[in-house]
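Please report on the aromatic pairs, the strands and the backbone of this predicted model.

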Amino acid sequence: MFKNICKILIIVLCISCSKEDNNTPTPTESMYFPPLTGNTWETKSIADLKWNQNAVQPLLDYLELKHSKSFIILVNGRIVLENYFNGHNAATNWYWASAGKTLTSTTTGIAQQENLLNINNKVSQYLGTGWTSETLTQESLITCKHLLTMTSGLDDSTDDVKPANLLYKADAGTRWAYHNVYVKLQDVVAKASGQTWENYFNAKLRDKIGMDGNWVQLGVNSVYTSTSRSMARFGLLMLNKGKWENNIILNEAYFNEATATSQNINLGYGYLWWLNGKTSYHLPQSQLTFQGSIIPTGPSDMFMALGKNDQKIYVVPSKNMVIIRMGDAADDVNLALSDFDKTLWQKISALYQ
């Protein structure tokens, strides 16, 4: 009798343990951050992810056909694909173009969290009056947030940001227009911090996440250039909501504001970030409202840094994924968005669908 009771207890225990094992959630993979120096970077294979290996070559062929220089996919921070084309390599610098606007947005947020500035304050509080050719009343309406959201109301017919070229078009906050005047935020950060823009940016953002690269003045444009992996590092920082490992580079409150609709005119725009999956959007050099998502073939939660001639950072939180594309224009010269995005995302999504 005693032996039978023991057998029953053992069976019950085994069943109980089995149930516990079955109910134990599968551990999610941790986010990986490459060391700040050196070339070490963990990888993850297509096979490990159970993605479609047959979709890889068509994607790479399309990228090469469309004048790409580099392409990187990170999942949980690990490199899944890293490819270079047309004489480019991992050590070559390339320009970010307007994708670098997001660096300015992020650095502005860092300056705010250090209490050096407030984005709700007037730009003239930092630069003094007369930084535009507007009347003082008109100029005093323009806040740093208006520069972050492309709603300064200044005439967008020229990229020149000298006072003589910054002319009144509408009251600040009433008109969305893609305008180079955002670059004045770099002057605001420099004035507020008492440092040069580049020194502050390097110390507070670039060096803290192991990026390389530098700012170059091309005509009236301040353009960042770096290796493709440095662009990927920045994308990884933003995937992790402004944290690099356990270090807060940008606070999450500002990150959330920056990657959400920032005004009610262009729903597809945050603080110099493009937002996918909204019900409508505007394009550069247009006052038309287009219905639907910016990239209908892409994930709806994706936010994007988009630059001239198809420089791309795609950040997809739902898939813990960052994608980088650098190169020449895929087709025609463009400011930020092109038909290339739509087809590219068909090729990318074929990897995992």
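## Aromatic pairs

A search of the whole structure finds 22 aromatic pairs. Rings of Phe, Tyr and Trp (its six-membered ring) pair if their centres lie within 6.5 Å; planes under 30 degrees apart count as stacked, over 60 as edge-to-face and the rest as tilted. Tyr62 and Phe340 are stacked, because their ring centres are 5.7 Å apart and their planes stand at 20 degrees. Tyr62 lies in helix α2 (residues 56-65) and Phe340 in helix α11 (residues 339-352), so the pair ties together parts that are 278 residues apart in sequence. Helices (H or I, at least four residues) and strands (E, at least two) are DSSP runs, numbered from the N terminus.

Both Tyr62 and Phe340 are buried. Buried means under 20% relative accessible area, exposed over 50%, partly exposed in between (1.4 Å probe, protein chains only). For Tyr62 the relative accessible area is 12%. The C-alpha atoms of Tyr62 and Phe340 are separated by 10.0 Å. Leaving aside residues up to four places away in sequence, Tyr62 touches Phe340, Thr343, Leu344 and Lys347. Contact means heavy atoms within 4.5 Å.

## A tryptophan pair and a cluster

Trp176 and Trp274 form an edge-to-face pair, because their centres are 6.0 Å apart and their planes at 70 degrees. Trp176 sits in the loop between α6 (144-149) and α7 (184-193), and Trp274 in strand β8 (residues 274-275), so the pair ties together parts that are 98 residues apart in sequence. Trp176 and Trp274 are buried.

One aromatic cluster takes in Trp96, Trp197, Phe201, Trp215, Tyr224, Phe234, Phe255, Trp273 and Phe303.

## The open sheet

Six strands make an open sheet, in the order β2-β1-β13-β12-β11-β8, with antiparallel pairing. Strands β2 (78-84) and β8 are at the edges with a single partner strand each, so one side of each has no neighbour in the sheet. Two strands pair if DSSP finds at least two bridges between them. Strand β1 (residues 68-75) is joined to β2 by six bridges. There, Leu74 has Ile79 as its bridge partner.

Helix α9 (residues 228-239) packs on the sheet and touches β1, β2, β11 (303-307), β12 (311-316) and β13 (321-327). The direction of α9 makes about 150 degrees with that of β13. Axes are lines fitted to C-alpha atoms, for helices over the stretch in contact, and angles run from 0 to 180 degrees between N-to-C directions.

## Strand β13

Seven of the seven residues of β13 are buried, so this strand is largely enclosed by the rest of the structure. Met321, Ile323, Arg325 and Gly327 point one way; Val322, Ile324 and Met326 point the other way. In a regular strand the side chains alternate between the two faces of the sheet.

Seven bridges pair β1 with β13 in the antiparallel sense. Ile72 stands opposite Ile324. Five bridges join β12 to β13, and Val316 stands opposite Met321. The hairpin of β12 and β13 has four residues between the strands, and Asn320 there takes a positive phi near 50 degrees.

## Positive phi in loops

Most residues other than glycine have a negative phi. Lys241 has a positive phi, near 60 degrees. Lys241 is in the loop between α9 and β6 (243-244) and is partly exposed, at 38% relative accessible area. Gln285 also has a positive phi near 60 degrees. Gln285 lies in the loop between β9 (280-281) and β10 (290-291) and counts as exposed, at 67% relative accessibility.

## Basis

Residues are numbered from 1 along each chain as its sequence is written, and side-chain values use heavy atoms, with hydrogens and water left out. The model is predicted: local features need pLDDT of at least 70, side-chain atom pairs count only at pLDDT 80 or more, and totals for chains, interfaces and linings use all residues.
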